[in-house]
Amino acid sequence: MKPRVLITSNDVPSAGIDLLRTKCDVTIIQTTNPSQEDVLQVLPGHDAIFVTNHLNINSDFLNNAGTSLKVVSTMSAGYDHLDVPEIKRRGIKVGHTPMVLSDAVAEIAVLLTLNAARRTYEGRLKLEQGQVMKNLQWLLGQELRGSTVGIVGLGNIGQAIVKRLQGFSVARFVYTGHSRKKAGDELGAHFVSLDDLLEQSDFVIVSAPLNNETRGLFDDNTFNKMKKNAVFVNIARGQIVKTNALIKALRNNTIFAAGLDVTDPEPLPPDHELLKIPNAVVIPHLGSATVKTRNDMSFTAAQNILNGLEGKPLIYEL
Ligand code: DGY
């Protein structure tokens with residue numbers, strides 16, 4: 001009998017589904033964003049679960065998942081929605097899809113950095129309101145040229161961001177994290193403390209995972225340490241930032257602007273205050289949303305499952 005795999009969305013690119021179908025019986029939940037309960041109704045009896053849309057897999061979920069589960073594979077790089085120690089404690093393999101999305105997410109980081117720095121959202125609002133001025137000092141922005149760019153978390157995505165920004169004549173790259181990295185040396189980036197990064201950087205770009213160390217890292221205290229001209233960019237996870245503190249920093253001009261692919265809550269309700277702030281460029285978590293990258297993520301998540309079911313190491317195992 002073929003192993004059985006459950007896919008938790010009917011919106012997964014076919015690359016992964018086709019690969020799974022070569023060796024497995026595949027069940028697809030016929031909705032895009034099922035609840036834990038919806039998934040648990042069909043999961044028992046399956047050997048692997050292909051996780052989409054950050055479905056939360058915790059101890060309670062596993063208690064109700066039946067006894068056949070051998071592999072959990074999330075179609076995402078981030079895995080803050082998975083209780084990884086608990087999954088592994090139960091002898092279940094767990095994998096994710098980093099690397100294949102680094103370039104796409106880095107492109108979004110560049111897009112947000114430039115848009116926030118050059119006030120494109122504010123300019124568009126002025127156009128719509130018929131308030132365009134001819135003054136020479138109207139709507140002036142910040143430049144990457146000659147600036148210091150600080151990267152919070154120099155993982156694969158952080159490194160991909162530095163590589164792209166090197167073309168913009170940035171004067172200095174600094175980064176913070178657990179330790180100095182060889183990759184940082186190779187990129188000519190300097191390892192500094194978080195406080196030094198905040199004090200020195202004209203651009204602060206967050207590309208760190210969400211965990212107990214980073215949850216709520218950007219609060220009143222952190223924003224107050226940043227330069228007044230600083231542009232803050234978050235392409236990681238919304239919960240790394242205290243939303244109210246960011247709103248205050250933007251409204252009071254404690255910092256210059258923000259570019260956000262991720263927010264807390266996510267998605268933002270249409271009437272959320274963050275969407276009313278002219279110096280906040282906000283997009284709805286589009287980091288990996290390209291045709292090519294989502295195909296690659298789908299394929300990698302499927303390959304993780306096949307490897308796990310065949311007793312091989314996953315491509316990207318947690
Ligand atoms: C990821 O892969 O973690 C991205 O945020 C998309 O979910």
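Proline 13 is buried, because its relative accessible area is 18% and buried means under 20% (exposed is over 50%, partly exposed in between, with a 1.4 Å probe and protein chains only). The model is a predicted one, in which local features need pLDDT of at least 70, side-chain atom pairs count only at pLDDT 80 or more, and totals for chains, interfaces and linings use all residues. Residues are numbered from 1 along each chain as its sequence is written, and side-chain values use heavy atoms, with hydrogens and water left out.

Proline 13 sits in the loop between strand 1 and helix 1. Helices (H or I, at least four residues) and strands (E, at least two) are DSSP runs numbered from the N terminus. Leaving aside neighbours within four places in sequence, proline 13 has contacts (heavy atoms within 4.5 Å) with Met75, Arg294, Asn295 and Ser298. Proline 13 and arginine 294 are 281 residues apart in sequence, but their C-alpha atoms are 6.8 Å apart in space.

Helix 12 covers residues 291–309. How far should its 19 residues span at 1.5 Å a residue? The expected span, 1.5 Å times one less than the number of residues, is 27 Å, and the end C-alpha atoms are 27 Å apart, which agrees. Among the buried residues of helix 12 are Met297, Ser298, Ala301, Ala302, Ile305 and Leu306. An α-helix has 3.6 residues a turn, so residues three or four places apart point the same way. The buried residues of helix 12 pack against strand 1 (4–7), helix 1 (14–21), strand 3 (48–51), strand 4 (71–74), strand 5 (93–95) and helix 5 (102–117). Just after helix 12, glycine 311 has a positive phi of about 75°.

Leucine 20 touches Ala302, Ile305 and Leu306, and also Val5, Ile7, Val26 and Phe50, not counting residues up to four places away in sequence. A nonpolar core is a set of buried Ala, Val, Leu, Ile, Met, Phe, Trp, Tyr and Cys residues joined through side-chain atoms within 4.5 Å. The largest such core has 51 residues, and those touching the most other members include Leu20, Phe50 and Val149. Helix 5 gives the largest share of this core, eight residues. The core lies between domain 1 (4–100 + 291–309) and domain 2 (102–282), because both give residues to it; the domain bounds come from an automatic or database assignment.

Finally, the whole chain. Its secondary structure comes to twelve helices and twelve strands. Buried residues make up 50% of the 318 residues.
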